[in-house]
Amino acid sequence: MNSDVPHLLFGGSFSAIIPPHSVDVSEIREIPDNQEVFAHSDTDQSIIIELLEHQNHVPDQEAARYHFADIANSNDATVMDSTKILSVEPVSSDQITLQDPSSAWLLSGRQQVAKFNEQARNTVTIHLALFRLPQYSTDILITFNDPTIISPFSSSVGGSSVQSGGTSASAAPHWTLEQFRATVQSFQLLDPTIFS
């Protein structure tokens, strides 16, 4: 995938620059219609773009935390000390291409996640961008999952570029936070009829 050219998403309704060495997971397995999932070809890193129901009951300043907690619940990372928010910051409209979100947020955190319902838990840094679009009853979530410590008992050992000590064994370079930010900054709506 050419990383400089915006990639069409959700049947051409959106576009964004996707980092190099990415694999469209929908070509490998079925993905829900409200998601686009890209995995790094040589690591366990992934980027997930989700169209979610706008959470009217959650104030803008708490919405990124709400969605991070929802991800933790999905990852079964809700026990004490298995999840931690490192930072939450608003994103100004001059830093993004998407028009008219009521607010945009970046959150960074960590979760202890078991892969494929294994007992072994890996430490995953999660960078999350949230665009709130109440006019379309939608919250858009872009999540960058970046495993930083792989348990020696995880199925990811040997297949991942991050080994149990956190060192890299990959031929293709890891995705960076800057590349994730480029995805977030370039994300744009091309066809609003997707919300009809």
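Biologist: Which residue is the bridge partner of F14 in β10?

Modeller: The partner of F14 in β10 is L189. This is a predicted model, in which local features need pLDDT of at least 70, side-chain atom pairs count only at pLDDT 80 or more, and totals for chains, interfaces and linings use all residues. Residues are numbered from 1 along each chain as its sequence is written, and side-chain values use heavy atoms, with hydrogens and water left out.

Biologist: What makes β2 and β10 a pair?

Modeller: Two strands pair if DSSP finds at least two bridges between them; β2 and β10 have 2 bridges, in the antiparallel sense. Strands here are DSSP runs of E with at least two residues, and helices are runs of H or I with at least four, numbered from the N terminus.

Biologist: Why are β1 and β10 said to stand at the edges?

Modeller: The open, antiparallel sheet has the order β1-β2-β10. β1 (7-9) and β10 (188-189) each have a single partner strand, so one side of each lacks a neighbour in the sheet.

Biologist: Why is S46 called buried?

Modeller: Buried means under 20% relative accessible area, exposed over 50%, and partly exposed in between (1.4 Å probe, protein chains only). S46 has 13%, and is therefore buried. S46 belongs to strand β5 (residues 46-53).

Biologist: Which residues does S46 touch, not counting those up to four places away in sequence?

Modeller: They are F38, A39, T143, F144, N145 and W175, where contact means heavy atoms within 4.5 Å.
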